[in-house]
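Here are my notes from going through this one, for you to check against your own view. Have the viewer open while you read.

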Amino acid sequence: MANPAQANDIVFGVQAAQQAFLKLSSNFVVLGHSQGGGAAWAVAQRQAQNPVKGYLGAVAASPITNILELPTSSHDLAPVLSLFATPTMQQLFPDFDHKDFFTDKGWER
């Protein structure tokens, strides 16, 4: 969902750092774990469509590819992650209604 924006943030951040610190290499690698792994993956996808000079590759360690299909367990994180994702969902999709996913009592907590 936010992967294209994350990819742009990383690429633009690298470019800004390279301009600010001229001793930095013009080559770079992206490495991320979990959400950062998804962002690293997104940079690789972006590179296929919009190549950036100096990009050498990405290491995407344990990216979450589908948050809705996280395994359920006694320590299920999906509801917690969904709660934190709700503001972003509301910004990306104006018709998104948190009441479709949370009860009023759950939302108040």
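1. Ground rules. This is a predicted model, where local features need pLDDT of at least 70, side-chain atom pairs count only at pLDDT 80 or more, and totals for chains, interfaces and linings use all residues. Residues are numbered from 1 along each chain as its sequence is written, and side-chain values use heavy atoms, with hydrogens and water left out.

2. Helix α1. This one runs over residues 3-20, 18 residues in total, and spans 25 Å from first C-alpha to last. That is close to the 26 Å expected at 1.5 Å a residue, where the expected span is 1.5 Å times one less than the number of residues. Helices here are DSSP runs (H or I, at least four residues), strands likewise (E, at least two), and both are numbered from the N terminus.

3. Gln6, Ala7, Val11, Val14 and Gln18 are the buried residues of the helix; buried means under 20% relative accessible area, exposed over 50%, and partly exposed in between, with a 1.4 Å probe and protein chains only. They sit on the same side of α1, because they cover an arc of only 130° around the axis (the arc of the directions from the helix axis to the C-beta atoms). Asp9, Gln19 and Ala20 are exposed on the other side. What do the buried residues of α1 pack against? The partners are β1 and α2, with contact taken as heavy atoms within 4.5 Å.

4. Gln18 belongs to helix α1. Leaving out residues up to four places away in sequence, Gln18 touches Leu24, Ser25, Ser26, Asn27 and Phe28. A polar atom of the Gln18 side chain lies 3.1 Å from the backbone oxygen of Ser25, and one lies 3.3 Å from the backbone oxygen of Ser26. Polar contacts here are N or O pairs within 3.5 Å; within protein, one atom must be able to donate a hydrogen and the other to accept it, and residues adjacent in sequence count only if both atoms are side-chain atoms.

5. Ser25 itself. You'll find Ser25 in the loop between α1 and β1, and at 43% relative accessibility it counts as partly exposed. A polar atom of its side chain lies 2.9 Å from the backbone nitrogen of Asn27. Ser25 also comes within view of Gly54: the two are 29 residues apart in sequence, with 8.5 Å between their C-alphas.

6. Rings. How many aromatic pairs does the rule give? The count is 1, the rule being that rings of Phe, Tyr and Trp (its six-membered ring) pair if their centres lie within 6.5 Å, with planes under 30 degrees apart called stacked, over 60 edge-to-face and the rest tilted. Phe28 and Tyr55 have ring centres 5.8 Å apart and planes at 65°, so the pair is edge-to-face. Since Phe28 is in strand β1 and Tyr55 in strand β2, the pair ties together parts 27 residues apart in sequence.

7. Positive phi. Ser34 has a phi near 60°, positive in a residue other than glycine. Ser34 lies in the loop between β1 (28-33) and α2 (35-49) and is partly exposed at 26% relative accessibility. Ser62, also not a glycine, has a positive phi of about 50°. Its loop runs between β2 (55-61) and α3 (78-92). Is Ser62 buried or exposed? Ser62 is exposed, at 51% relative accessible area.
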